[in-house]
Each structure stands twice: as C-alpha cells, then as structure tokens.
Amino acid sequence: MAAAVGRALTRFLRAYEQRAILAVAAVGVAVFCVLPLGVLLARVALSPPDATSAWSSSRPWILAARSTGLALAVTAVALVVGVPLGVLVGRTDAAGRRVAGLLHVQPVFLPPFLLALGWFHVFGRRGALGSEATSAVLFSEAGAILVLALAFAPVVTSLVAVALNGVDPSLEEAARLVARPLRVIAGILLPAVAPAIALSAIAVFALAFSELGVPMFLRVDAFPSAVFARLGGVDYAPGEAFALVLPLAPVALALLGLERRFVGRRSFAVLGLRASERDRLKLGRWRAAASALVWIAAGLSGAPVLALFWRAGQGDGFAQMGAWVGRAPWNGLVSGAVAATLITLVGLIVGHAVARGLPGSRALDALVVLAFVTPAPLLGVGIIDVWNRPALRPVYGTLAILVVGYAGRYMVIGVRTLAVVISQSSPQLEEAAAVAGAGFLRRLTGIVAPVHARGLAFAWLLALVFCLRDLETAILFYPPAGEPTTVRIFTLEANGPEPVVAALASAHVAITAAAVVVGAWRASRGARG
Amino acid sequence: MVTRPNRVHRATFLAGLAVLASVGCRQSSREVVVYTSVDQVFSEPVFRAFEQESGIRVRAVFDTEETKSTGVLNRLIAEAGSPQADVFWSGDPVRQMALVKRGLVEAYVSPRAEGLPPGLRASDGTWAGVAARARILLVNRERLGTEAPPRSVSDLADPRWKDRAAIANPLFGTTTIHVAALFTAWGEDGARSFLEALKANGVKIASSNGEVKRLVVAGEVAFGLTDTDDAHEAQQDGAPVDVVYPDADGLGTLVMPTAVVLLRGGPHPEAGRKLVDALLSAETERRLAESAAHMPLRPGVATPTGVRSISEIKAMTVDYGRVAEEMEKIQPWLRQWAGL
C-alpha cells in the first residue's frame, strides 16, 4: 500500500515537477519584484486622489514625452555605436580589440552621474578640452544623449560580442566559402544575434528612461526628476510618486511586445560550445580603418573614466583613499555576488520557461521588466514598506537587504539574458532526455545548465556588474555602516575632497573590471573543462 | 564537463549567505545607529572620535548631496513603523521639525544643551542646535573681473547678472529652507515674484549646493548661492573664489545650526542619549569649525582663522518653526515653479 502511494506520489511529482519548480521561481519574482510594487499600488488604491493629482497637470505628460524621446535617442546612438563595435571586438581581427574592448566597457562599471562628472572635467568651461561652446553642448539635451549613449553603449557591445561567440561556427564557415566578411556579418551573424540586439535595446532604453543623476546634473528636464521630487522633497508622497509611474506598466509591456514582434519565436542555430575553436573574420584591407574605429570608440568611452583617474592623481587622491574607503568594496562585492547568484538561478528557471513558451512565463517576464523600468527610488520605498518590520530586522538591518534590492531590480538581467540564450538552442536534447525518463530538475541541471554554461556565466557576470554599479536602488535602504562603494562615493561627494572621490571611483572601476576578468576567465576555464 | 561553474556558483552563494547571516546576527548592545544629513566628510570623524571615547560602535547612514536633508529624513519617516535609528543629526534646524510633528522624536534635555540661547534649542527637549552654517554668495573672482561683486540675494534677479548666476534646486537641501525663510520675510507675493524673476534672469538651477560650488569654481557662472561649508571647500582647494555674506545692510544672512534629536523607539536608546550628548558638546563645535568652517554657537568655543563668528555678521532674524511650516506649505507651488 505504502509503496503504491509512494509510486503515485513520485508520478505526481514528476508530472508536475516543472510547474512546481517554476512556481518556486515565481515566488522569488513575487517576493523580490512584485511585493514592493504591490504595496505601493495598494497605497494608490487606498488614496485615489494621489493618482488624479499626479497627472492632473500637463507637466508630467510633457516630461514623460521628453524622457521617452531622450531614451529613444540614447538607445539609437548606443546601438549605432555598440552593434558595429560588438562585431569588431567579438568576431574580427581588429588590432588590439581585447584591450580596446576592456577600455570601452569601463563606463558601464560606474553610475552614469560619475561619467557626466568625468565629461565635465574634459568639456566643462574650464575642462581639459573645454570652452564656452563645449560647455554649452555638454549642458544640453544633446550632451545628455551623448553622455548616456556612451555610458550604455557597452551594454550593447558586450551582449552582441558574447552572442556572436555563441553562433554556430558551421553557419559562418559555410557562408565564408562564398561571401566576403562584410556580407557574412550582415547576412548571417547580425540576424543570428538579433535577440541579443533587441535585449540590449530594451536594457538601454529602460536605463536611459529611468536615469535621474545625469539629467539633473546637466540640467535637462526628465520624468524621473518629477518622481524624485515626490520622494526626495519635503512633502514625502510615495503614493503620488507611484501614481506617476503607473503608466510605465504599458510602456514595459509595449517594449516586450516590440521585442517579441521583432525577434518572434525564432530559434537560431546557435550552440555556444565551439566558440573557442573558430577563426576570427579577416578584415583584409579594412583592418586598419576598423581598428582605428574600435580605438576611437574605446577612447571616447574611456575618456571620462580616464579623466577621473587623472583627477585622482592630482592632490594625493589615491594616497588618501584608504582613510575613506571603509568596508564599502566588501559590502558591495558580497551582496552583489549573492544577488547575482540568486538572479542567475531564478533567471535560469524563468528564462527557460520563457524560451520554451510555458504558461505563465510571459507574465513573469513582464513583471521583472516592470520592476526594472520602475524608477529605482520608488522600488526602494516599496522595499522599505515590505521589509522594515521587527521580525525581519536580520534582513532589513543587514547586507541582506541589499541582496533583496538588487535581486528585485536586476532580476530582468537573469531572466532576459537566459531566455535569449536558451531560446537559441534546440529543445531536442531536453526532449530526448525526457523520453529517457529524466525529470525536469535533472534536465535543467544535467542538460540546460551544462549546454549554456557560458550563457549562465555571462548572465551572472552581467548581473554582478549591474549590482556593483547600482546606486539609485541601494541609496534608499542601505544598512547602517553597510554601504556599497557607489553609495560611499556619493555620500562623500558632498564636500569630500574631489581627488579622493575620483580615486574611489577609479578604484571601483578597477575592482569591477578585475571581478569581470576573473569571472570571465573562470567561466572560460569551466566551459573548456 | 560543466560541474565546475555550478560548483563555483554554489560555493559563492553559500559563502555569501553565511557572511550575510553572520552580519545579520551580529546585534551588539554597544552600538548606536545614527542617520545624518551633515556631510559625511565632516560627520564621520566626529563619530570615530565618539567611538574611541565611549567604546560604543557608531553605525551611520549618510545623505547624498542631491537629496541633502530630505533623503535620510524621508527614510526615517518611511521606517517609522519599525524605527531603525537612535539619533538624527540634521544639517539644518528645520527638517527635524517634520519628525517632531509626526511624533517620531523622544524628548531629551541634554545637559550639553543648557547654555544655548532659546532660539537654538526646543524648550521641550525635542531638538538642540550645534555649530551653524550660513547661506552665502560664492563669487568667482576671475569671471567677475573688475565688476563690483553682488551684495544681496536679490542680485540673483538683477539683469546685470543675467545668465551668470546659479542656485540649487529649491525643492531640496538648504535652498528649500532659504526660500521658505524668504517667504516668511517677504510674504508670499514678494517671494513668488522673486523666484519668477530668477527664471526670467536665466539663473541656472543646479542639482545641489555642491553643484553650485562646482559651477562657480569652474567659471560656468560668476556667482552662486550656497552654504559656507561648500565655500570653505572651494577655498581650501585654492579656487579663485570669494565669499559674500549677503544683505549685510538689509535682511541679513540666513544662519542655520545643525540640529540633534533623539528618536522614539530606536533600538539603542541609552547609547543614543550618549551620542546626543557628545554631538552637542563644545568639542563637536570645535571640530566642525575647523573642518567645515561652521560657526560655533557656544561662547567658549574659539573661532578658527578664516571662519566668521555669528557676532561678526548680520544674521537674519528667523523663527525656524515658522520656516518649517512655510516650507511644507509652499512645496506644491515650488514643484510647479521647478517644472516637476
């Protein structure tokens, strides 16, 4: 009798194993992403006047339209810079591409405000290359678009470069027999990495739309400033602030819809296992020009970071840094690493479900995108509402709350990246294993994860980078004496010695770059081993 | 083939959880939690000195320049259901009134507050002042050339300075307080006209007082309205700037002491009282005077060279309680004015 019950239970669990695991991941999404937004929604529901007063004047509409325009322009420029650069760095024999690529991605390790500060040191009226004219351009919409586009272009570059390394070499090899490199790139490689390009466009649009620091610094009106005015001003009105961002929900859904329409449910012949075996595309007579292009773009991206290094070098910034850095790098690295791991685990399950079109997965996908698009300070208020309770003090008063915040805001990185990666592989292997009797967990850990080991490592690293560069989420609820480096840079920025602030920013770039290089090296060793 | 990355991830995750758990469980009775909008660069050395003297660990949350005074204040309000902090050290004498109004403050008459004049402490023990800043005009000598420098806050609206002056966004920081003080002094119509005139005069609205300092130092504008500690920082860096204490022959200069409050329901009330006592000491005033050019409020504290004492300037007559009320009242209009 007991054996029969046991067998029935096993059959039941096997039949529903995938749904049960997806449900666990859904609980993760609910706790990290949905709950904070849910409590804010409840506030608005309890106080309908908040919603009406927030949108009663024309100003929020104008600001929303301006921010949409700004974000679209930033996305367009970032794609124009990032896609060709991703191809050149990722797949060609352009000279010095690795070093140039590393220089190019550095801006993404810093909150954009610090990059704007770096540009100010270069193009401000008294900057290294500054004049009245350059200052006028910097402090304008065009300046904001360029600063943000150069800050976010590395997101496009790195996603395209990594995706190109995942394209099945046999496709490319076949094409190269009959076509020149440019034709191979345009006809084979770029269509193959369309999902990655679409993903990067969504990420850049969302980042640019919700960016607060750069528009404020460059005195450009933007929608997040209106939200922030209701959270950082004297009349603290989180309900009204949330009412302001409610229209972002359809925007987030529209983004997802666009991506799906653009990419569709195409399955690409991409595997990612033979990446290290292929030859790089030979550019021939175009090599010099392409190399120059790579280095110009890298120089432009690296200029504000180099300006910060230069500023740190003046006035003993690096020597004094030790007295001010505290435990901030440790706080950021620990909480970031744990959050990145959570994000990758949930991302693997939900991303797989999205890639395979399981019921409910689209809703989860939309929710993580919504949490990402929501301005971070608002998500922060929701997190305080949910987690600041006496029973939860071991979470709220410690580094664990940073993990909660990072996971909520950047869950989209794991879900979307892994959805794209997994959607590019055939489900045949999984189906064969299922026929042979392997349960879902076994297929997930024994087939999906191993086949996509590089994708998993990339998702983890990308999530880590986003956590390490985060400022706007953590600033609202970081635990006492538990601030990450970005927060410390900002709290010290108020009257702190400029060279020390620049040195801290430079050290933060170096630490993040080191984490990425070590992580990429370990991942590449793991994939080979 | 791929077990290694999984193992690495698992190990990282578990190690991280262990670290987080260990940090989470470390609740010490010999500690105190303080939230402050006094600049970290000035307040942290004060906390370190307190730690050395008392043996009590200070865990601090600092404000950023952009959200100055409202970031941690709003966090205190958001956390009111389960207070996390014992002490709030405000960078100005107005913000803490919002906490008093919401019943989030524990009255505590510190023995160190006894010598203070009545306007610089609450009679019911809800707050007490220590070391003050002033709102000044920071002028770039090189950008100014041979022109006569501005002398009044009203010069911001003078066409002579069209497109050449800056203030911080009046929705945040001490600029909010300054604007509210002007509303109390000039009345609603006068203050509104002044702010509209600023717009017409092309005054640049920076994100913070620190940003105003940066714009003046870089010569982007000829002068800007900011705080004495920002000006002191610029002068320490050797920037070509001068400080003007505005309206010496009129309204007077706005002076703002920092304010200390003990919070109700904080996790370490006893240690909180000790920190309040330490922050209200003459030693704290001396430190802030030396590091941040704050003006001491206690007569016995020497004023370092280069720092003016309150008696040397004409201070604006102001009731901080009224300014607090005015500040809340004008917010919707100010948001409209700022286009937000």
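This note sets out, in numbered points, selected features of the structure shown above.

1. Basis of the note. The model is predicted: local features need pLDDT of at least 70 and side-chain atom pairs count only at pLDDT 80 or more, while totals for chains, interfaces and linings use all residues. Residues are numbered from 1 along each chain as its sequence is written, and chains are lettered from A and ligands numbered from 1 in the order in which they are written.

2. Chain A overall. Chain A holds 26 helices and zero strands; helices (H or I, at least four residues) and strands (E, at least two) are DSSP runs, numbered from the N terminus. Its C-alpha trace spans about 80 × 65 × 45 Å along the principal axes.

3. Burial and contacts in chain A. Of its 529 residues, 60% are buried (20 or more other C-beta atoms within 10 Å of a residue's own; exposed means 12 or fewer, partly exposed in between, with C-beta atoms placed from the backbone). Among contacts with a separation of 6 or more, 84% join residues 24 or more positions apart; a contact requires C-beta atoms, placed from the backbone, within 7 Å.

4. A helix pair in chain A. The axes of H18(A) (residues 361-373) and H21(A) (residues 400-423) come within 7 Å and cross at roughly 135 degrees. Axes are lines fitted to C-alpha atoms, for helices over the stretch in contact, and angles run from 0 to 180 degrees between N-to-C directions. The two helices are therefore oblique to each other (under 35 degrees is roughly parallel, over 145 roughly antiparallel, 65 to 115 roughly perpendicular, and the rest oblique). Residues of H18(A) in the contact include A:Val368 and A:Phe372, and those of H21(A) include A:Met411 and A:Val415.

5. Helix H3 of chain B. Six of the eight residues of H3(B) (residues 71-78) are buried, so this helix is largely enclosed by the rest of the structure. The buried residues are B:Gly71, B:Val72, B:Leu73, B:Asn74, B:Arg75 and B:Leu76. Their cover includes strands S1 (31-36), S2 (57-62) and S3 (87-90) and helix H4 (96-101) of chain B.

6. B:Arg273. This residue is found in helix H9 (residues 269-279) of chain B. B:Arg273 is partly exposed, with 17 other C-beta atoms within 10 Å. Leaving aside neighbours within four places in sequence, B:Arg273 is in contact with B:Tyr108 and B:Leu262.

Technical notes: Contact = placed C-beta atoms within 7 Å.
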